[in-house]
Amino acid sequence: MKLHEIADNPGARKNRLRIGRGIGSGKGKTGGRGGKGQTARSGVRIKGFEGGQMPLHRRLPKRGFRNTPFAQKFNEINLGRLQAAIDAGRLDPKATIDVEVLVKAGMLRRAKDGLRLLGKGELKAKVNIVVFGASKSAQAAVEKAGGSVKVLAPKKEAPAEPKGKNARAALGIGGQKKGAKAAKAAKAAKAAKAAAGDTEAKSPE
């Protein structure tokens, strides 16, 4: 046998079917796309279309819950705007600043569900602010200037039990397959046996 005589098995290599090369080829004329119209072209968007009647994905009832109607809406204000208002005399730095004070000063249109303080800009005045929430950078800037920030939002408590199978698996609480549990138990038994062997080898006779 010579190198140029090596060949694949008969029928292993086939030529690509050349479409649109005459009716006698088997894939001539329309080239496997059928007749004319939308489906003969690329980018067809009629999957799920049922001739005009209500399609299945709209006939089925909706399930689940969205918080959109109950979501709280907050005003947001940056430290730079507060400092500009104080410099312009619209805010009294000695008085406590809250959302109602900002509405009266014309800085906000309405109170909404509260105010969130953000850290963009620079604050030089010493002020006491009452807000629903504040970013860490904003709190640090206010306290650096000698003021204080009172946050009205309740603190989030950590759940008693971790939520989600990934969180539970990370802590070794459930969420593991039987094979994984068996492998883990076997590994622990092997480690215990090895530790016992080391103890026996070290113990004097």
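Reader: Which residue of E2 stands opposite Asn75?

Author: In E2, the residue opposite Asn75 is Leu115. Strands are DSSP runs of E with at least two residues, helices are runs of H or I with at least four, and both are numbered from the N terminus. The model is a predicted one, in which local features need pLDDT of at least 70 and side-chain atom pairs count only at pLDDT 80 or more, whereas totals for chains, interfaces and linings use all residues. Residues are numbered from 1 along each chain as its sequence is written, and side-chain values use heavy atoms, with hydrogens and water left out.

Reader: In what sense do E1 and E2 pair, parallel or antiparallel?

Author: The pairing of E1 with E2 is parallel and runs over four bridges. Two strands are taken to pair if DSSP finds at least two bridges between them.

Reader: And which residues make up the covered face of E1?

Author: In E1, residues 75-78, the covered face consists of Asn75 and Ile77, while Glu76 and Asn78 form the uncovered one.

Reader: What about E3: which face is covered and which is uncovered?

Author: Ile129 and Val131 form the covered face of E3, and Asn128 and Val130 the uncovered one. E3 runs parallel to strand E5 (residues 148-151), to which four bridges join it.

Reader: Turning to the core, which residues touch the most other members?

Author: Leu82, Leu91, Leu102 and Leu117 do, within a largest nonpolar core of 22 residues. The elements giving two or more residues to this core are helix H2 (79-87), helix H3 (99-104), strand E2 (115-118), strand E3 (128-131) and helix H4 (136-144). H2 supplies the largest share, four residues. A nonpolar core here is a set of buried Ala, Val, Leu, Ile, Met, Phe, Trp, Tyr and Cys residues joined through side-chain atoms within 4.5 Å. Buried stands for under 20% relative accessible area, exposed for over 50% and partly exposed for values in between, with a 1.4 Å probe and protein chains only.

Reader: What does Leu82 touch?

Author: Leaving aside residues up to four places away in sequence, Leu82 touches Ile77, Leu91, Leu102, Leu117, Leu123 and Ile129. Contact requires heavy atoms within 4.5 Å.

Reader: Which residues of H2 are buried?

Author: They are Leu79, Leu82, Gln83, Ala85 and Ile86. Viewed down the axis of H2, these buried residues fall within an arc of 160°, so they line one face of the helix; the arc is that of the directions from the helix axis to the C-beta atoms. An α-helix has 3.6 residues a turn, so residues three or four places apart point the same way.

Reader: What covers the buried residues of H2?

Author: The cover includes E1, H3, E2, E3 and H4. H2 is followed by Gly89, with a positive phi near 85°.

Reader: Why does Gln83 count as buried?

Author: Gln83 counts as buried because its relative accessibility is 9%. A polar atom of the Gln83 side chain lies 2.8 Å from the backbone nitrogen of Lys124. Gln83 also touches Glu122, Leu123, Lys124 and Ala125, not counting residues up to four places away in sequence.

Reader: A change of topic: how many aromatic pairs are there?

Author: The count comes to two aromatic pairs. In one of them, the rings of Phe65 and Phe70 have their centres 6.1 Å apart and their planes at 20°, so the pair is stacked. The rule takes rings of Phe, Tyr and Trp (its six-membered ring) as paired if their centres lie within 6.5 Å, with planes under 30 degrees apart counted as stacked, over 60 as edge-to-face and the rest as tilted.

Reader: Is Phe65 buried or exposed?

Author: Phe65 counts as exposed, at 65% relative accessibility. Phe70 counts as exposed too, at 57%.

Reader: What is the phi of Lys29?

Author: Lys29 has a positive phi of about 55°, although it is not a glycine. Lys29 is in the segment before helix H1 (56-59) and counts as exposed, at 74% relative accessibility. Lys112, also not a glycine, has a positive phi of about 55°. Lys112 sits in the loop between H3 and E2 and counts as partly exposed, at 46% relative accessibility.

Reader: Finally, where is Ile19 found?

Author: Ile19 is found in the segment before H1 and is partly exposed, with a relative accessible area of 42%. Ile19 touches Lys27 and Gly31, not counting residues up to four places away in sequence. Its C-alpha atom is separated by 55 Å from that of Ala170, 151 residues apart along the chain.

Conventions
Polar contact = N/O pair within 3.5 Å; in protein donor to acceptor, adjacent residues only side chain to side chain.
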